[in-house]
Amino acid sequence: MGVWTTRNQWIFERKSVDFRSIISLVWRAVSEANRLKIGCMRNCMDKLLILHLFGLQGRPSKAPMIKSVIWSPPALGWIKVNTYGAVMGSLGFGGCGGIFRNCIAFVKGCFAIPLSQVFTCKAELLAAFLAINFAWKYVWHHLCLKSDSSDMVQLLSSRSEMVPWTVRQAWQRCIFLISQMDFQVSHIFREGNQVTDTLSKHALELQGDSW
């Protein structure tokens with residue numbers, strides 16, 4: 001800020017400038033920032049050379065952690081359902097999808113259902129509601145639900161009542177149904193949820209429910 005102010009005074013007001021004081025200010029600011037020992041540099045040689053000119057030791061950013069994300073089948077006798085909710089914009093017309101597969105990865109069924117204007121969190125909840133209701137209807141009472149919505153997984157895991165009031169009744173029904181089932185819920189990265197991503201986007205083009 002001080003460098004910018006001094007530069008403007010020199011250009012627009014023709015004031016004399018003590019460049020030594022400006023350089024000293026820059027050095028002090030850099031030294032103070034270095035002593036804080038927070039933040040990191042970009043991993044490139046240009047940045048490292050600039051830091052070395054100031055006599056500073058670079059702190060490279062951590063390398064990204066790469067994980068292998070694959071779909072794995074459920075245990076014998078269980079059905080695994082992956083769900084997903086998609087919305088056009090932050091609040092727009094949405095769609096949700098889900099796919100049920102058994103221990104040999106055989107597809108037992110899937111759904112793609114269009115929704116009215118919803119937020120993404122509600123679309124994810126509705127996808128889970130529908131999956132649980134379909135599982136109950138077809139007597140798949142050993143159910144493992146996978147979703148890439150951490151919030152929805154947390155709500156189902158804790159049986160929390162902290163859901164929008166517009167879905168409170170449906171939520172309470174789902175809590176009752178899963179209490180009568182062998183039920184598991186866990187998070188999956190989006191890369192492992194590609195089929196349901198496609199189904200939910202397909203639902204945006206539908207005029208009615210599809211099973």
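## Valine 139 and its loop

Valine 139 sits in the loop that links helix 4 to strand 4. Helices here are DSSP runs of H or I with at least four residues, strands are runs of E with at least two, and both are numbered from the N terminus. The phi angle of valine 139 is near 60°, a positive value in a residue other than glycine. Valine 139 is exposed, with a relative accessible area of 59%. Exposed means over 50% relative accessible area, buried means under 20%, and partly exposed lies in between (1.4 Å probe, protein chains only).

This is a predicted model: local features need pLDDT of at least 70, side-chain atom pairs count only at pLDDT 80 or more, and totals for chains, interfaces and linings use all residues. Residues are numbered from 1 along each chain as its sequence is written, and side-chain values use heavy atoms, with hydrogens and water left out.

## Arginine 159

Arginine 159 also has a positive phi, about 55°, although it is not a glycine. Its place is the loop between helix 5 and helix 6. Arginine 159 is partly exposed, at 34% relative accessible area.

## Overall shape

The protein has seven helices and five strands. Read from the N terminus, the order of elements is α-α-α-β-β-β-α-β-α-α-β-α.

How does the radius of gyration of the protein compare with that of a compact globule of 211 residues, and what are the two values? The globule would have a radius near 17 Å, but the protein has 27 Å. The radius is taken over C-alpha atoms, and the globule rule is 2.2 Å times the number of residues to the power 0.38. Along the principal axes, the C-alpha atoms fill a box of roughly 85 × 35 × 30 Å.

## Surface and contacts

Of the 211 residues, 36% count as buried. The accessible surface comes to about 13600 Å². Carbon and sulfur atoms hold 59% of that surface. Accessible areas come from the Shrake-Rupley method with a 1.4 Å probe; for residues, only the protein chains shown count as cover.

Now take the contacts (heavy atoms within 4.5 Å). Among contacts with a separation of 6 or more, 64% join residues 24 or more positions apart.

## The nonpolar core

The largest nonpolar core has 36 residues. Such a core is a set of buried Ala, Val, Leu, Ile, Met, Phe, Trp, Tyr and Cys residues joined through side-chain atoms within 4.5 Å. Phe100, Ile132, Leu143, Leu145 and Leu156 have the most contacts inside this core. Several elements each supply at least two residues of the core, including strand 1 (79–87), strand 2 (91–101), strand 3 (107–119) and helix 6 (168–179). Which element gives the largest share? Helix 4 does, with ten residues.

Isoleucine 132 touches Leu143, Leu145, Leu156, Cys174, Leu177, Ile178 and Phe183, leaving aside residues up to four places away in sequence.

## Phenylalanine 183

Phenylalanine 183 is in strand 5. At 14% relative accessibility, phenylalanine 183 counts as buried. Leaving aside residues up to four places away in sequence, phenylalanine 183 touches Trp78, Ile132, Leu143, Leu145, Leu156, Arg159 and Ile178. Now follow the chain from phenylalanine 183 to valine 195, twelve residues apart. Their C-alpha atoms are separated by 22 Å.

## Salt bridges

A salt bridge is a side-chain nitrogen of Lys or Arg within 4 Å of a carboxyl oxygen of Asp or Glu. By this rule the count is two. Arginine 190 pairs with aspartate 197, with the closest N and O atoms 3.6 Å apart. Arginine 190 is partly exposed at 41% relative accessible area, whereas aspartate 197 is buried at 7%.

Aspartate 197 also forms a salt bridge with lysine 201, with the closest N and O atoms 3.4 Å apart. Aspartate 197 and lysine 201 are four residues apart in helix 7 (residues 194–203), so about one helical turn separates them. Lysine 201 is partly exposed, with a relative accessible area of 42%. Shared partners join Arg190, Asp197 and Lys201 into one network of salt bridges.

## A nonpolar patch

Trp10, Ile11 and Phe12 make a nonpolar surface patch of about 340 Å². Patches are made of residues with over 30% relative accessible area and no salt bridge; like charges are joined within 9 Å, and nonpolar side chains (Val, Leu, Ile, Met, Phe, Trp, Tyr) within 5 Å. Tryptophan 10 lies in helix 1 (residues 2–12). Tryptophan 10 is partly exposed, at 46% relative accessible area.
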